[in-house]
Number of protein chains: 2
Amino acid sequence: MNSSQIFEKIRSKKSFLCVGLDSEITRIPKHLFAEDDPVFAFNKAIIDATAAFTVAYKPNTAFYEANGSKGWRSLESTISYIRINYPEMFIIADAKRGDIGNTSDNYASAFFKHLDADAVTVAPYMGLDSVHPFLGYPDKWVVLLVLTSNSGSADFQHLTDASGSPLFEIVLKKAASWATPDQMMFVAGATHPDAILRIRALVPDYFLLVPGVGAQGGDLETVAKNGLNSQGGLLINASRSIIYASSGTDFDAAAANEAKKMQQMMEKALLHKGLI
Amino acid sequence: MNSSQIFEKIRSKKSFLCVGLDSEITRIPKHLFAEDDPVFAFNKAIIDATAAFTVAYKPNTAFYEANGSKGWRSLESTISYIRINYPEMFIIADAKRGDIGNTSDNYASAFFKHLDADAVTVAPYMGLDSVHPFLGYPDKWVVLLVLTSNSGSADFQHLTDASGSPLFEIVLKKAASWATPDQMMFVAGATHPDAILRIRALVPDYFLLVPGVGAQGGDLETVAKNGLNSQGGLLINASRSIIYASSGTDFDAAAANEAKKMQQMMEKALLHKGLI
């Protein structure tokens, strides 16, 4: 999938929502424990309920790995379910991987060949040879961490060099020289709305993946205003505010309701920007 | 396991070798494919052959994840095998994880509760709340990436702030304020021998985990000279040079031979330093 195809999906769905499948075994509704694989049963219901309002899904590997190989089976089943039933979806494995070259080769193989995700999130600290192996797959994407949504983003990402440039901008500019806007997106947390404006100016043609709206407190309208470009260029992720909207048997309907609310705000933002 | 206990093991084994279990399905000897789980069979033989010469094992998750849930089963079997048969070993899950707080909670659970590793490698880019959840487990360790052995370490880790301090030193100093020398070690690549001297001076009491000796070209003697402290303070990892020493049916004997050579060099370094 290239960036124009993602934009086409955004226009047809009138949404740039990505639903984060941060599915914790301890937080899913009790009645699902009668199922063989409760986490997969939960994801399946969430996906069916929210697919009309979203263009992307983002399972975060941490929540699956907490259950070990069984959790990885839930992850495999989830991605396979999306691929078969909703082939139009963009699937991001939120794994934040990154290792020396020959090791990153194996991560790329895990996420692109074995799991068949469209994209994987990658941490920049280890530099080019840690990122490069992920760029060798046609139509697959690296989503590079630049400015994350958490409080710890202040510890290192805002450190400045002698010329006053913060680390996240240095990472952004260097990484943009490694890959085209059809190979790489950047993570920019919704909790830093001014920085999103700055990042949009520095990489006008690249997609941004923006977490931190919802449970983490980022504001969707501001992010949309600061982050959209003429080709869409924006995916906003919400995880907990959607998937845990209810802990009862109505969890899927409640998730659909939350996703629909976000889609409607996104439709307004797209109209306002003249993109639909 | 605390740092004194690791030092005791180093003294009794006369070794500070860590064997990296970077076990790629495409590189293990052909005759093992008759086994149910060839990767586990390979690891088991490597562990039995090298245990006399090593104090630690470090499976890197990338090589297991390339086989998905089946690979995770090989990883679970491998760690469980070491725990049962060689309870004295320090087990490092080389996972290079790191995510926002509630997500890192789940990674900590995956590696410390589910897999029962002693330590996990963590990437620093996302700051304190991404590291903190790993520090809440008694006797478990964070091994934080500071200065990695690969060529890409030059891209960001050597960037300097206005005062001329490189990023890896800033990360090192800040992270040392987050955790004691019984909770945290630092990764410092053998390919940067002068930096190891500098890192040793900045954090005299912390253990360093040093990859990059062997296939990557770092020199064991220089690393030992620059990295050992009065409490040992050093684990040197070798992966490919040991586990792929032969691709034939003698792969385990060849691995033992390589591990023994390194152990003998380490014994000399420990004697020279007056530590045994």
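Predicted model: local features only at pLDDT ≥ 70, side-chain atom pairs only at ≥ 80, totals over all residues.

Q: Why say the copies meet through the same surface?
A: Because 98% of the interface residues of chain B are interface residues in chain A as well.

Q: How many residues are in contact there?
A: On chain B there are 53, in contact with 52 residues of chain A.

Q: Which helix of chain B gives the most to that side?
A: Helix 5 of chain B, with seven residues. Other elements that each supply at least two residues include helix 4 (68-85), strand 3 (90-97) and helix 8 (167-176) of chain B.

Q: And what is that side made of, by class?
A: The side of chain B that touches chain A has 21 nonpolar, 20 polar and 12 charged residues.

Q: Changing topic: helix 12 of chain B. What span should it have, and what are its ends doing?
A: Helix 12 of chain B covers residues 251-272, so its 22 residues at 1.5 Å each should span 32 Å, and the end C-alpha atoms are 32 Å apart, which agrees.

Q: Which of its residues are buried?
A: Among them are Phe251(B), Ala255(B), Ala259(B), Met262(B), Met266(B) and Leu270(B), along with Asp252(B) and Glu258(B).

Q: Where do they sit around the helix?
A: Looking down the axis of helix 12 of chain B, the buried residues fall within an arc of 165°, so they line one face of the helix. As background, an α-helix has 3.6 residues a turn, so residues three or four places apart point the same way.

Q: What covers that helix's buried residues?
A: The cover includes strand 1 (17-21), helix 2 (38-50), helix 10 (220-227), strand 8 (234-238) and helix 11 (240-243) of chain B.

Q: What comes after helix 12 of chain B?
A: Gly274(B) follows, with a positive phi near 70°.

Q: Back to helix 2 of chain B. What do its buried residues pack against?
A: Strand 1, strand 2 (56-59), helix 4, helix 11 and helix 12 of chain B. The buried residues of helix 2 of chain B include Val39(B), Phe40(B), Phe42(B), Ile46(B) and Ile47(B).

Q: What about the length of helix 2 of chain B?
A: Its 13 residues should span 18 Å at 1.5 Å a residue, and the end C-alpha atoms of helix 2 of chain B are 18 Å apart, so the two agree.

Q: Now backbone angles. Which non-glycine residue of chain B has a phi near 55°?
A: Lys14(B), and the value is positive. Lys14(B) is in the loop between helix 1 (3-13) and strand 1 of chain B. It has 19 C-beta neighbours inside 10 Å, so Lys14(B) counts as partly exposed.

Q: What is the phi of Asp139(A)?
A: Positive, about 70°, although Asp139(A) is not a glycine. Most residues other than glycine have a negative phi.

Q: Is Asp139(A) buried or exposed?
A: Asp139(A) counts as exposed, because it has 11 C-beta neighbours inside 10 Å. Asp139(A) lies in the loop between helix 6 (128-131) and strand 5 (141-147) of chain A.

Q: Last one: Ile6(A), buried or exposed?
A: Ile6(A) has 23 C-beta neighbours inside 10 Å, so it counts as buried. Ile6(A) lies in helix 1 of chain A. Leaving aside neighbours within four places in sequence, Ile6(A) is in contact with Met1(A), Phe90(A), Phe207(A) and Gly232(A).

How values were computed. Residues numbered from 1 in each chain as written. Chains lettered and ligands numbered in written order. Contact = placed C-beta atoms within 7 Å. Helix = DSSP H or I, 4+ residues; strand = E, 2+ residues; numbered from the N terminus. Expected span 1.5 Å × (residues − 1). Buried ≥ 20, exposed ≤ 12 C-beta atoms within 10 Å, placed from the backbone. Arc of directions from axis to C-beta. Nonpolar A, V, L, I, M, F, W, Y, C, P; charged D, E, K, R; others polar.
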